[in-house]
Amino acid sequence: MDEFIAIVRAREFVRKTRPDAVPVSVKQYAAEIGAGIKYDHDLPPDEAGGSFEAKGKRCIYVNAHDGSARQRFTVCHEIAHFVLGLPSEHQGSPSWSYAKRPPNEIWCDVFAAELLLPIILFKQRVDDAEVSLASVETLAEEFNASFSATGSRFAAVGEAPCAFVLAEGGVVRYASRSKALRDAFGKIPAGSKLPRGSLSERVRQGRAPGGPEECDADLWLGQWERGGVLLEDARHLQTWDQTLTLLWFEYEELPEGDSRAAGGRDDEAALEELDGTLPWPGKKRRR
Ligand SMILES: [Zn+2]
């Protein structure tokens, strides 16, 4: 199993199930694998749900106290465990922390995001929207999906050169980039700190209300010699110390220049092309 296989299997599943309305019906998805959904009122707040199979019957249970976007993600995550045949790996792994998620859980999250934001229904809407965090918010509501999953899919499938960055504790954990930006070798390495003086850093420190705001492209992009100006917008989620940033080029165009001189081969591109999901914040475990 790897991220690529998780995505291919998710897209096969979506093709088979043929969702035709937004938000997609997770009940229809569950029915496709013969699973019923139960809403459990007795689960503790830190438990999102889980699944089991007994006497040939599949059951997915979700925390009845969670919001509906959260519950929908849980259902799709559990469908992934069945379809991909992956056992849970939840012990001691907070689901809100991207850095600490075990591989099985990340692949199930990737699968879940493909189901909730299917490319056949999502991409056209992204192409029609202007690049902004407000657009991410609108699409997240329309698809009844989380802000972070929608943002990372927004960047991954969009035509404009842009990136959606998730930082925890001021450190970049994950950057989802559009094809245009990957092709130009625009990198935002995981493990790097939020750039000093950036809007995102100030939003995290509570010193800025949000953007968008202009900055030099090389403030964010490593080994970037094309120049150009990026627009940056950011939100900070205090509870989990997560900063969510959207970056895009002015006029939605890359600046001229030879990126090859600076970047060379982009080793991460093959993998990052496929990314598109982030875990939900706020839950310690999921069965
Ligand atoms: Zn799981």
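Reader: At what angle do α5 and α7 pack?

Author: This is a predicted model. In it, helix α5 (residues 119-128) and helix α7 (residues 147-157) pack at about 75°. Their axes are 10 Å apart.

Reader: Roughly parallel or roughly perpendicular?

Author: Roughly perpendicular, because angles of 65 to 115 degrees count as that.

Reader: Which residues make the contact?

Author: From α5: Ile 119, Phe 122, Lys 123, Val 126 and Asp 127. From α7: Thr 150, Arg 153, Phe 154 and Val 157.

Reader: How many are nonpolar, polar and charged?

Author: The α5 contact with α7 has 5 nonpolar residues, 1 polar and 3 charged.

Reader: Switching to the sheet. What's the strand order?

Author: β5-β4-β8-β7-β6, in an open sheet of 5 strands with antiparallel pairing. The edge strands are β5 (171-177) and β6 (213-216), and each pairs on one side only.

Reader: How are neighbouring strands turned against each other?

Author: By 30° on average, direction ignored.

Reader: Over how many bridges do β7 and β8 pair?

Author: Over 8 bridges, in the antiparallel sense. Strand β7 covers residues 229-237, and strand β8 covers 242-249. Glu 232 stands opposite Leu 247 in β8.

Reader: Which strands does α6 touch?

Author: Helix α6 (residues 133-143) packs on the sheet and touches β4 (162-168), β7 and β8. The direction of α6 makes about 50° with that of β7.

Reader: And which strands does α7 touch?

Author: α7 packs on the sheet too, touching β4, β5, β7 and β8. The direction of α7 makes about 145° with that of β4.

How values were computed: Residues numbered from 1 in each chain as written. Predicted model: local features only at pLDDT ≥ 70, side-chain atom pairs only at ≥ 80, totals over all residues. Heavy atoms only, no water. Axes fitted to C-alpha atoms, helices over the stretch in contact; angles between N-to-C directions. Helix = DSSP H or I, 4+ residues; strand = E, 2+ residues; numbered from the N terminus. Parallel < 35°, antiparallel > 145°, perpendicular 65-115°, else oblique. Contact = heavy atoms within 4.5 Å. Nonpolar A, V, L, I, M, F, W, Y, C, P; charged D, E, K, R; others polar. Pairing = 2+ DSSP bridges.
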